[in-house]
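Subject: Structure handover

Hi,

Here is the structure you asked about. Please open it first; my notes follow below.

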Amino acid sequence: MATVAANKLELLQIADAVAREKMIDPGLVIEALEESYSKAAKARYGADYDIRAHIDRKSGDLEMTRVRTVVEEVEDHFTELDLDDAREIKADAQIGDELTDPLPPMDFSRIGAQSAKQVIMQRVREAERERQYEEFKDRKGTIINGLVKRTEYGNVIVDVGRGEAILRRDQLIQREAFRNGDRIRAYIKDVRLEQRGPQIFLSRTAPEFMAELFKMEVPEIYDGVIEIKAVARDPGSRAKIGVISYDSGVDPVGACVGMRGSRVQAVVNELNGEKIDIIPWQDDAATFLVNALQPAEVAKVVMDEDAGRIEVVVPDEQLSLAIGRRGQNVRLASQLTGWDIDIMTEAEESERRQAEFAERSGLFMEALDADEMVAQLLVSEGFTSLEEVAYVELDELTVIDGFDEETAEELQARAREALDAINAAATEKAREMGVEDSLFEFEGLTPQMIVALAEDDIKTLEDFAQCADWELAGGYTTIDGKRVKDDGLLEQFDVSLEEARELVLTARVLLGYITPEELMAQQAGEEADGEGDDATEEVEG
């Protein structure tokens, strides 16, 4: 590089030219020159010295100095000196001052020039990377246009003006191919500053890409009158998008479709023919799900909020339409609503209900020594367990046709006797398994629950206090994008997550692990977060 051999003014002019060419600050090029001079001087005088170079920004004059710091006790003689020596040089020197000694001008050799070139080019590259990162980091989450530069192992390298971006193979829509020089539009998914420079990652399969395309085509979305609440895509095949209007005079679906479908068609064309279902958003999850499963008709929706699952009942002839080709329709509806969806026909639901009815009737017939009609009446009125029969208010039994007060009292007495027998057998079994009294004496656990805990080697109150709430109540874990069921030790007894948490915390208070004040603080925090009881809701459609 001829920069180091140029005269002073030429040096400044070259630095300015390099800065303009690379679109960086000229000061960075001057700093690179200063660094290269310092490096060359250290090579001549010694690498241990603190040698600094300064180039005057106006005249181009070069000044080389050695810097030493004034300290109380010298540890490095190359860069430090004590106060006495410092005051021989400067009478009013103080601890912490930096004293400079001028160095004679240097004649840079060819090796020095090469070293300067390397330093300057490195600083220029760093400055370019920084500029590129600063330019694109704020554009994350937007759409960018570019030209296909080349293809590497299926990944498309895109020229985006002042840099290159990468569109990975898995971010391309199925069956679409690009050639060098093709114009391409994509979504900036991420911008990261890595060791080799800023990396701009693009996507054409991201749900946000579709949302941004609609924003460009539909002015009402850009203006905030209509909002896209959710997007679910099977890239290149089909998509569902949920929209809501904040102006009662604007139809969100009609605005997104456009005159004769012009707006939605523009998005479809960009997405390689991807079919798009535009669905009106509803705050009510069940209603929104019914809309999301279009074009299939839904007869009934049963929601289990604790499990995050929705059971959908459809007419027999609508089953294949609701599921869709290869499960596409129900999968997209699940992604759009955020609920796991189980679909069954009316016939399957009826068969399941009959099986449950028969099972519960058999339970009451055996445990209560009742005839079939009495057992079926109890099930028809919504009784599902012996506990409900044994401890419900008496008038809830007497309102059943054919049940007088005497019959109700007899049924409750038999239910309690049956429960006592079951509890006695469970207690004996638990003691044989080695369960300690501390667990029996803990209020809130039935003998059947204690047996279930003992089968998992939880036999003391200390063991129980170390359990997590989800271990007891069960729940769902997301693995590779799929919700996987975790069975709880007490799930069969309908213990909710909140009830399990309260039991564990109470055990910890009894054992002195936490104080009652800490327990109250935790409970208050949970109430503030709005955590409620389990809820099951049926919606007829």
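Over which residues does pLDDT stay under 50, and how many contacts beyond four places in sequence does the model have for them? The stretch is residues 1–6, and the model has 11 such contacts there. Residues 531–541 also have a pLDDT below 50. That stretch has 29 contacts in the model beyond near neighbours in sequence. This is a predicted model. Where pLDDT is low, the predicted coordinates should not be read in detail. For the chain, pLDDT averages 80, and 86% of the residues score at least 70.

Overall picture

The chain holds 22 helices and 18 strands. Of its 541 residues, 41% are buried. Take the contacts with a separation of 6 or more: 55% of them join residues 24 or more positions apart.

Start with H11, residues 328–337. This helix is mostly covered, with eight of its 10 residues buried. The buried set is Gln328, Asn329, Val330, Leu332, Ala333, Ser334, Leu336 and Thr337. Their cover includes four strands: S10 (226–234), S11 (238–245), S12 (275–280) and S15 (340–345). Helices H9 (285–292) and H10 (319–323) are also among the elements that cover them.

Now H13, residues 372–380. Its buried residues are Val374, Ala375, Leu378 and Val379. They sit on the same side of H13, because they cover an arc of only 135 degrees around the axis. The face turned away from that buried side carries Met373 and Ser380, both exposed. Packing partners of the buried residues are helices H12 (346–368), H15 (395–398) and H16 (405–432). Just after H13 comes another positive phi, at Gly382, of about 100 degrees.

Arg185

Arg185 belongs to strand S8, residues 183–194. It counts as partly exposed because its relative accessibility is 24%. Leaving out residues up to four places away in sequence, Arg185 touches Ile143, Ile144, Asn145, Arg204, Phe209, Leu213, Met216 and Glu270. With Asn145 there is a polar contact, side chain to side chain, at 3.4 Å. Phe209 is 24 residues away from Arg185 in sequence, and their C-alpha atoms are 9.6 Å apart.

Backbone points to check

Most residues other than glycine have a negative phi, and most peptide bonds are trans.

- Pro295: the peptide bond from Gln294 is cis, with omega near 10 degrees. Pro295 is in the loop between H9 and strand S13 (300–304).
- Arg175: phi is positive, about 65 degrees, and the residue is not a glycine. Arg175 is in the loop between strand S7 (164–167) and S8. It counts as exposed, because its relative accessibility is 70%.
- Asn272: phi is positive here too, near 65 degrees. Asn272 is in the loop between helix H8 (262–270) and S12. Its relative accessible area is 39%, so it is partly exposed.

Best regards

Conventions
Residues are numbered from 1 along each chain as its sequence is written. Side-chain values use heavy atoms; hydrogens and water are left out. pLDDT is the predictor's confidence in each residue, from 0 to 100. Contact means heavy atoms within 4.5 Å. Helices (H or I, at least four residues) and strands (E, at least two) are DSSP runs, numbered from the N terminus. Buried means under 20% relative accessible area, exposed over 50%, partly exposed in between (1.4 Å probe, protein chains only). A polar contact is a pair of N or O atoms within 3.5 Å; within protein, one must be able to donate a hydrogen and the other to accept it, and residues adjacent in sequence count only if both atoms are side-chain atoms. The arc is that of the directions from the helix axis to the C-beta atoms.
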